[in-house]
2 protein chains.
Amino acid sequence: MNAEPAPPRVYPDALPVTGAWRLGDDVGCRQFVTLNDHRPFALEGGGALRQVTLAYETWGTLAADASNAVLVCHALTGDSHASGRQGNGHATAGWWDDMIGPGKPLDTDRVFVVCMNVLGGCQGSTGPASIDPATGTPYGSRFPVVTTRDTVRAQARLADSLGIGSWLTVIGGSMGGMQVIEWAVMFPQRVRSFVSLASCMASSAWQIAFSAVGRTALALDPNWRGGDYYDAPAGEGPHKGLAIARAVAQITYRSDEVFRDRFGRDLVDPVDVFGLWDRFQIESYLDYHGVKLVRRFDANSYLVLNKAMDFHDIGRGRGGIDSAIARVRAPSLIVSISSDTLYPPLQQREMRDALVAAGRRCDHHLIDSPQGHDGFLLEFDHIGPMVTDFLAEIEKQNA
Amino acid sequence: MNAEPAPPRVYPDALPVTGAWRLGDDVGCRQFVTLNDHRPFALEGGGALRQVTLAYETWGTLAADASNAVLVCHALTGDSHASGRQGNGHATAGWWDDMIGPGKPLDTDRVFVVCMNVLGGCQGSTGPASIDPATGTPYGSRFPVVTTRDTVRAQARLADSLGIGSWLTVIGGSMGGMQVIEWAVMFPQRVRSFVSLASCMASSAWQIAFSAVGRTALALDPNWRGGDYYDAPAGEGPHKGLAIARAVAQITYRSDEVFRDRFGRDLVDPVDVFGLWDRFQIESYLDYHGVKLVRRFDANSYLVLNKAMDFHDIGRGRGGIDSAIARVRAPSLIVSISSDTLYPPLQQREMRDALVAAGRRCDHHLIDSPQGHDGFLLEFDHIGPMVTDFLAEIEKQNA
């Protein structure tokens, strides 16, 4: 496995640039940095990328000593638009709008928030839909497997370019939480605290299983064309396959209780004569989420990021999980959602136990909620105060 | 909705016949009955079937007064081969072999056990792969939606043909349990007791959601051809689609804990260079189960039975669940598996509560097991003695 990157340094050739984004959406609130290195960006799993572009957004003002920077890490289908309105290139309002802004838990009157679209993504950062400089055509099937560690090294390069030596906190849920714990392990000197929500130290077989069927279903779509569908006529992309992958995932993001309360056994069109493709309301809900994702997400990015999640294992190449955790220095807040069956509270308790066993300070909170895994995006009333209190204490210690 | 069927009567024209079974397997231990009615077999959801054939197997000897008959109801991908060896047309050994036989919980030295392949199935009973007498070709896409109630009415016709007025007990898990509770509601006079394992009174939105994505994935397979694939060359059926549908289901049949213990994060081929289609052992396991099912199961049957499960709701057309449960007369045993996230213990507690509220005797047992939903097929050490004790008491009361 690759050695850890060298200690942080500002790369003089990592210059913020504003570039066109090939999917054609407006740039919106995005900013861009292109890593104009003399050498390619080597990837953990082999291979390399040339001319890596990273899209990011920021909120608030960076202090003169750069001490108030917070990194927000997005989940699988998220993007850099963690806060702000819908429109102007942003298909949806900020995915964590209730958490980021003046007077909010990540109070942009005091902290400087950064959120970067992950490597392999499709919202401005280099991903499978980007132009491969070697061919002048989209990467498609040639895009390599990227890992959480690759994204974290890219985020570190972005931090360099912004002049941020260390983060006040690194925070995120689900796949975002994977980046969070990798940050704490890879760059212990650059992380003064971290917050991991509904996430894990290594993906479980259960999580991999659901990921895998989603990928296989997507690849079954003839319109996927082995990953090289970018020159297909409009509307002939692997939309059905991506929608099915999303549907499988969407179920696991919620809970029996939520579906029971919200949909029960309601039919879309109540009928007396039953048809094989008559739909219950829950099916309509899954279709809706599929279509919604298809409109804003690239199928190849979905595959690549999904696989990156499966590869998530902080212990890989480091002598195991405990040995990796021993590298962590920062205090942490870990949050579980009681009804999360995809990232069950057991995984967050294991993380807490490993951190405590390594002598680190770690607060673990279990939110009693029926929302399932998506609770990390929904339970602001619980998460907000937890983050506020945690950050207040960290800032006091840092002062 | 349709009125309930008339009280039971022996249909003189329902004669046991031995017929060829179109899928080409050996007849094995199967027997057949064809409903040679002067009128078609009307279906709850509309439409009708002509010349319905029912495949079944029996173990033990029917008492002269037919008082010792037990109906075993199979689950989604089960068949009539509940007990007995693999081979001779039976792709697998009996799916409940540990439960049925001399000295076993369903002790064939004393009771006469019957198991019938459900309507819409593909193991001998009339289903989508059967020849439509109207056209001389397989039904395929023209096969109508069948419901659990249709299968139960077919089972009642089989009972008539065997001279069985009432069952000592009706027993089954999952989809089998759907037939069990419908029996208790539809034919209260013909059910002297019943045992329902890991099942429910009505499918939940959560269950429907997982079913639905499986169906949609199957239909995405170009080889499915809208359901009319029976004349496709060998190997060109909708195998990939069916395998994916199976994989989604297979995950939900097991548990995080089982997968964690059994597979963890083991890779099939440990590599240093990561590929998008590198597989973890859990993926290999899901592929294995997909291929195994493809070899023995018809994709259209999978769709039809899957849909029948979604339509399962004992309250439909009966003024709701409590009103349906008020029809039940028999005492019952209800069993839950603690780690079952697909048919969670909550559903079985609801069934127990409804039966008790209606003044019926009902014992509910929760088996503490990591096996997940499949526990009803695996936890013989727990289920066996429960069934033995329950039946002993029922036989004592009947004596």
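## Surroundings of Gly60(B)

Two residues are taken to be in contact if their C-beta atoms, placed from the backbone, lie within 7 Å. By this criterion, and leaving aside neighbours within four places in sequence, Gly60(B) is in contact with Thr108(B), Val111(B), Phe112(B) and Val113(B). The structure is a predicted model, and the contacts should be read with that in mind.

Gly60(B) is found in the loop between strand 5 and strand 6 (69-73) of chain B. The residue counts as buried because 21 other C-beta atoms lie within 10 Å, where the cut-off for burial is 20 or more. The C-alpha atom of Gly60(B) is separated by 23 Å from that of Arg153(B), a residue 93 places away along the chain.

## Two residues with positive phi

Most residues other than glycine have a negative phi. Ser174(A), although not a glycine, has a positive phi of about 55°; its place is in the loop between strand 12 (169-173) and helix 2 (175-186) of chain A. Ser174(A) is buried, since 27 other C-beta atoms lie within 10 Å.

In chain B, Gln51(B) likewise has a positive phi, near 50°, in a residue other than glycine. Gln51(B) lies in the loop between strand 4 (48-49) and strand 5 (52-59) of chain B, and with 17 other C-beta atoms within 10 Å this residue is partly exposed.

In chain A, strand 14 (residues 332-337) and strand 15 (residues 362-367) run parallel and are joined by six bridges, with Leu333(A) having Asp363(A) as its bridge partner in strand 15. Together with helix 9 (residues 345-357) of chain A, these strands make a right-handed β-α-β unit.

UniProt, in an unreviewed entry, lists residues 68-378 of chain A as "domain: AB hydrolase-1". Over residues 68-378 of chain A, the chain is 37% helix and 13% strand, and the end C-alpha atoms are 26 Å apart.

## How the two chains are arranged

Chain A is superposed on chain B by a rotation of 180° with 0.0 Å of shift along the axis, at an RMSD of 0.0 Å. The two copies are therefore related as by a two-fold rotation axis. Of the residues of chain A, Ala217(A) comes closest to the rotation axis, with its C-alpha atom at 3.0 Å.

The contact between the chains takes 46 residues from chain A and 46 residues from chain B. On the side of chain A that touches chain B, the elements that give two or more residues are helix 3 (205-220), helix 4 (239-253), helix 5 (256-262), helix 6 (281-296) and helix 7 (299-311) of chain A. Helix 3 of chain A gives the most to this side, with ten residues. The residues of the side of chain A that touches chain B divide into 28 nonpolar, eight polar and ten charged. Because 100% of the interface residues of chain A are also interface residues in chain B, the copies meet through the same surface.

Terms used. Residues numbered from 1 in each chain as written. Chains lettered and ligands numbered in written order. Predicted model: local features only at pLDDT ≥ 70, side-chain atom pairs only at ≥ 80, totals over all residues. Pairing = 2+ DSSP bridges. Helix = DSSP H or I, 4+ residues; strand = E, 2+ residues; numbered from the N terminus. Right-handed = clockwise from strand over helix to strand, strands pointing away. Least-squares fit on C-alpha atoms with pLDDT ≥ 70 in both. Buried ≥ 20, exposed ≤ 12 C-beta atoms within 10 Å, placed from the backbone. Nonpolar A, V, L, I, M, F, W, Y, C, P; charged D, E, K, R; others polar. UniProt positions renumbered as here; feature names shortened; annotations may be inferred.
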